[in-house]
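User: I've got a model open and I'd like to learn how to read it feature by feature. Can you walk me through it?

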Amino acid sequence: MNKQKVAVLGPGSWGTALSQVLNDNGHEVRIWGNVPEQINEINQHHTNERYFKDIVLNEKICAYHDLQETLKGVDAVLFVVPTKVTRLVAKQVAAVLDHKVTIMHASKGLEPDSHKRISQILEEEIPTDLRSEIVVVSGPSHAEETIVRDITLITAASKDLESAKYVQELFSNHYFRLYTNSDVIGVETAGALKNIIAVGAGALHGLGFGDNAKAAIITRGLAEITRLGVALGANPLTYSGLSGVGDLIVTGTSIHSRNWRAGNALGKGEKLADIEANMGMVIEGISTTRAAHELAQELGVYMPITQAIYKVIYENHGIRQAIQDMMTNEFRSENEWS
């Protein structure tokens, strides 16, 4: 692939790690953010200390505060901003973008209130004459490992296979590999909903439960993620792939996962407000829990783990009581889909 110009919107941990992947592949990378101090740090010191203490970025990676300047002449735009601000940033992009680009996103969540997936937001806000079909970049990936070039395999999903292949080639190298997929609904719902289960897995650990409980919540969590995704039109096979069970494993078992860490702290009795303040980063699983709970009720989908976590976070139920309630639910067959 010839050298491409890529705008990465969002200088957080994942946006920074993906910028390094793109730079390693010889592309011109422009990181955009709205915190001047962070932009200056990246340009002057080639570091992003808030997220990576001991990492020096390649000096070719440039950071921008002006969005119009960032987007000038780029071939592709990658959204890596929190779900709750995706629509706002997409509106800003649409207002200043003056040519057609490939639009990608690597965020994981559901929009509060509307419950829409991120690709739906981007489709609504960016006119078709300015973009490709949206490509979703998702899968089992901790920024802390990608930034040190650890082996990572994820998915590029799009309704247009050629767009997915373009993104596959854009990112893939000796340590970072992408597989294409056409099931955008499945990949996005898997990426969003696994954060909820990760909060639950962390809570079980914080309470002192062991590997049996960990395996149970991951397996049954995958079942209810799949139920909701299929109700929305996803292919059930997607959930047995990298963006499904792969992402659920990595997020539901690792201290690198902010959702797992948040659940772990909840399990140890910490208050949610304190956890969010101490984290310093968005915990997508918290807001996604509300969206998924409301969506499940609307569609009549059985999601007991999501419901239990919702009650703990939003209705002040005790965690141990929530677990007890799940353990005494009506008996069901493992393969029930409703």
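Analyst: Helices first: they are DSSP runs of H or I with at least four residues, numbered from the N terminus (strands are runs of E, at least two). By that rule, Lys-194 lies in helix H8. Bear in mind that this is a predicted model, where local features need pLDDT of at least 70, side-chain atom pairs count only at pLDDT 80 or more, and totals for chains, interfaces and linings use all residues. Residues are numbered from 1 along each chain as its sequence is written, and side-chain values use heavy atoms, leaving out hydrogens and water.

User: What does the UniProt record say about Lys-194?

Analyst: UniProt positions are given here in the numbering used for the model, with feature names shortened, and annotations may be inferred rather than shown by experiment. In this case the unreviewed entry puts its "active site" annotation on Lys-194.

User: Is Lys-194 buried or exposed?

Analyst: Buried means under 20% relative accessible area, exposed over 50%, and partly exposed in between, using a 1.4 Å probe and protein chains only. Lys-194 comes out at 5%, so it's buried.

User: Which residues is Lys-194 in contact with?

Analyst: Contact means heavy atoms within 4.5 Å. Skipping neighbours within four places in sequence, Lys-194 touches Lys-108, Ile-225, Asp-247, Leu-248 and Thr-251.

User: How do I read the largest nonpolar core?

Analyst: Think of a set of buried Ala, Val, Leu, Ile, Met, Phe, Trp, Tyr and Cys residues joined through side-chain atoms within 4.5 Å. The largest one here has 78 residues, and Trp-14, Leu-78, Met-104, Val-167, Phe-171 and Phe-176 touch the most other members. Helix H8 (residues 184–207) gives the most to this core, 10 residues. Another core, of 20 residues, lies apart from it and includes Leu-71 and Val-89.

User: And what are the domains?

Analyst: Domain bounds come from an automatic or database domain assignment. Here you get domain 1 (5–182) and domain 2 (185–329). Their centres, taken over C-alpha atoms, are 25 Å apart. The contact between them takes 27 residues from domain 1 and 29 residues from domain 2.

User: How many residues does helix H13 have, and what span does it reach?

Analyst: The expected span of a helix is 1.5 Å times one less than its number of residues. H13 (residues 284–299) has 16 residues and reaches 22 Å from its first C-alpha to its last, close to the 22 Å expected. Gly-300 follows H13, with a positive phi near 70 degrees.
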